[in-house]
Amino acid sequence: MPLLDDIEPLKQAALAAFQSAADLAGLEEARTSFLGANGRFTALMKQLGGLPKEERPAAGKGINAAKTELEAALASRRGELELRAAMPKEPTDFTLPGRRRVLGKLHPLTQVTEEIVRSFRKIGFVVADGPEIEDDYHCFDALNTPADHPARDSQDTFYLDTPDRRLLRTHTSSVQIRVMAKQPPPVRIIVPGRVYRRDNADATHNPTFHQVEGLYVDRGVTVSDLKGTVEFVFRDLMGPETKIRFRPHYFSYTEPSFEIDFSSALTRKMGKEWLEIAGCGMVHPQVFENVGYDPEVWTGWAFGFGIERIAMIRYGINDIRLFYQNDIRFLRQF
Ligand code: DAH
């Protein structure tokens with residue numbers, strides 16, 4: 001029976017072709033030439049129909065067995081070649097020293113900001129946020145800063161070239177107004193954020209820097225609450241020996257207003273007993289009126305300070321511009 005005799009040699013040829021395929025593309029070529037639609041083995045199967053009836057069962061059986069064997073051989077060779085393709089092309093020397101990836105770190109200002117936030121969270125403050133592009137109302141008017149106040153001078157404020165005369169906020173105090181206008185008292189927030197002023201850059205100034213604002217509104221809030229809170233946070237940040245003192249000052253949105261000085265090992269290291277660190281005061285009744293809080297019912301305090309200044313004192317940094325230059329030799333020290 002000629003067909004039956006053809007099966008074995010053709011199978012052997014196919015097995016040899018599969019085994020000698022050097023890669024997956026070669027294997028696919030071999031598969032097509034035997035088992036593809038026009039393949040040689042497929043052609044054999046097609047002849048089956050032309051056989052005399054009595055020869056068909058034996059031939060069919062032989063062909064099926066061969067085909068099963070071929071498919072198994074094909075799959076096994078494909079597995080080998082896939083594994084080979086996945087292996088590294090070059091030999092690996094496992095005795096080489098490892099390559100260390102340099103880990104990034106948080107910027108020192110981010111680290112200090114996170115520490116400040118952590119301190120305030122311990123005593124129940126939550127972080128609030130507001131836009132850096134502001135308007136006169138939130139940055140000045142609602143904070144009781146009169147139109148002729150020097151802080152509004154275009155010398156200090158970046159105004160945008162828009163018809164509605166928007167500006168880059170000069171302080172985070174604008175967020176006090178946004179938060180109070182949106183929610184009823186009580187309020188207990190801090191607002192870390194970026195601010196902008198038209199200053200020339202030098203060792204202690206930069207046209208953009210960062211502040212943290214704090215605002216606490218409730219019934220019966222007093223200056224001693226303010227003092228206790230500020231003392232707690234600065235001791236947390238600057239060491240348990242830290243002392244603070246309040247000096248009378250003027251801010252349009254607080255009455256009375258104070259400047260806060262602190263004294264610690266850090267200030268003495270800088271050759272000073274006291275260093276000015278923040279502004280604060282009791283929220284002005286007019287500010288409460290402006291946001292719709294009844295000043296006969298609600299009392300509160302607010303403060304604001306610069307994050308760069310805190311970081312500079314803590315780490316003994318003498319030039320604020322170092323924070324923005326992204327010099328890796330500077331950044332790597334924190
Ligand atoms: N906004 C002031 C500044 O930029 C800081 C400040 C002072 C914030 C007193 C306050 C405050 O909330 O009560 O210098």
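## Domains

What distance separates the centres of domain 1 and domain 2, taken over C-alpha atoms? The centres are 81 Å apart. Domain 1 covers residues 2-86 and domain 2 covers residues 108-331, with bounds from an automatic or database domain assignment.

## Basis of the values

The model is predicted: local features need pLDDT of at least 70 and side-chain atom pairs pLDDT 80 or more, while totals for chains, interfaces and linings use all residues. Residues are numbered from 1 along each chain as its sequence is written, and side-chain values use heavy atoms, without hydrogens and water.

## Ligand shell

The ligand is surrounded by 15 residues (a heavy atom within 4 Å of the ligand). The closest are His171, Arg197, Gln211, Glu213 and Tyr253. By class, five residues of the shell are nonpolar, eight are polar and two are charged (nonpolar: Ala, Val, Leu, Ile, Met, Phe, Trp, Tyr, Cys and Pro; charged: Asp, Glu, Lys and Arg; polar: the others, Gly among them).

## Polar contacts and burial

Polar contacts are pairs of N or O atoms within 3.5 Å. The side chain of Arg197 places an N or O atom 2.8 Å from an oxygen atom of the ligand. Ser173 has a polar side-chain atom 3.0 Å from a ligand nitrogen atom. From Phe303, a backbone N or O atom lies 3.2 Å from a ligand oxygen atom.

Taken alone, the ligand exposes 360 Å², of which the protein buries 89% (Shrake-Rupley method, 1.4 Å probe). Strand 5 (208-218), strand 8 (275-283) and strand 9 (299-306) each give two or more residues to the shell; strands are DSSP runs of E with at least two residues, numbered from the N terminus.

Terms used: A polar contact is a pair of N or O atoms within 3.5 Å; within protein, one must be able to donate a hydrogen and the other to accept it, and residues adjacent in sequence count only if both atoms are side-chain atoms. Helices (H or I, at least four residues) and strands (E, at least two) are DSSP runs, numbered from the N terminus.
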